[in-house]
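Have the sequence and the 3D view open as you read.

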Amino acid sequence: MNGEYKGCYQLCDQVTVDKNRVPVTEMEPWDNEEPELTGGYLVEVDAYASQETSWFTSNRGNPVTIKHPGDDDITTQQSRYIKSYFNLMESSIFAANYTDPESGYRKYLDLESFLKHFLIGEFSGNTDVYWSTYMYKEREEVQFHVAPSWDFDLA
């Protein structure tokens with residue numbers, strides 16, 4: 001600044017649930033039965049999940065943080081639902097019939113958002129893309145969406 005070195009600066013932002021950010025339905029404490037129980041959720045496959053309050057290890061050993069509903073708002077039923085549903089999605093990826101459009105991974109994982117996220121990570125050289133990945137599931141939708149892309153400090 002003004003010819004004098006002042007260090008490096010980084011622009012930062014937080015991932016938030018909002019109609020113009022992560023477009024999922026706000027969960028309420030009484031949303032404990034279907035269809036309300038089905039969403040909206042925001043989770044993160046997160047290398048540091050064990051340092052969070054609302055987190056679990058998936059059946060395949062992936063650490064997952066439940067970001068929305070938040071720690072103070074999520075109910076036991078909601079936590080159980082999203083953990084079970086994440087494991088269902090993950091199991092479909094590793095199933096013998098994983099390419100089947102009716103019961104394979106495409107039933108539970110939005111392929112377009114996954115591929116966009118993957119390509120953004122590869123093109124930017126973002127090493128965090130595999131251990132800091134957000135996914136959301138909207139109410140009454142079957143698929144997880146992989147978004148938003150974020151955490152480019154190591155890109």
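**Charges over rings**

- Arg-60 lies over the face of Phe-94, 3.7 Å from the ring centre.
- Lys-137 has its charged end over the ring of Tyr-85, at 4.8 Å from the centre.
- A charge counts as over a ring if NZ of Lys or CZ of Arg is within 6 Å of the ring centre and within 35 degrees of the ring normal.

**What you're looking at**

- This is a predicted model, where local features need pLDDT of at least 70, side-chain atom pairs count only at pLDDT 80 or more, and totals for chains, interfaces and linings use all residues.
- Residues are numbered from 1 along each chain as its sequence is written, and side-chain values use heavy atoms, with hydrogens and water left out.

**Ring pairs**

- Searching the whole structure turns up 10 aromatic pairs.
- Rings of Phe, Tyr and Trp (its six-membered ring) pair if their centres lie within 6.5 Å; planes under 30 degrees apart are stacked, over 60 edge-to-face, and the rest tilted.
- Phe-56 and Phe-86 are edge-to-face, because their ring centres are 5.9 Å apart and their planes sit at 75°.
- Phe-56 is in strand β2 (residues 55-57) and Phe-86 in helix α1 (residues 76-94), so this pair ties together parts 30 residues apart in sequence.
- Helices (H or I, at least four residues) and strands (E, at least two) are DSSP runs, numbered from the N terminus.
- Both Phe-56 and Phe-86 are buried (under 20% relative accessible area, with a 1.4 Å probe and protein chains only).

**The wider group**

- Tyr-41, Phe-56, Tyr-81, Tyr-85, Phe-86, Tyr-108 and Phe-144 make up one aromatic cluster.

Technical notes: Buried means under 20% relative accessible area, exposed over 50%, partly exposed in between (1.4 Å probe, protein chains only).
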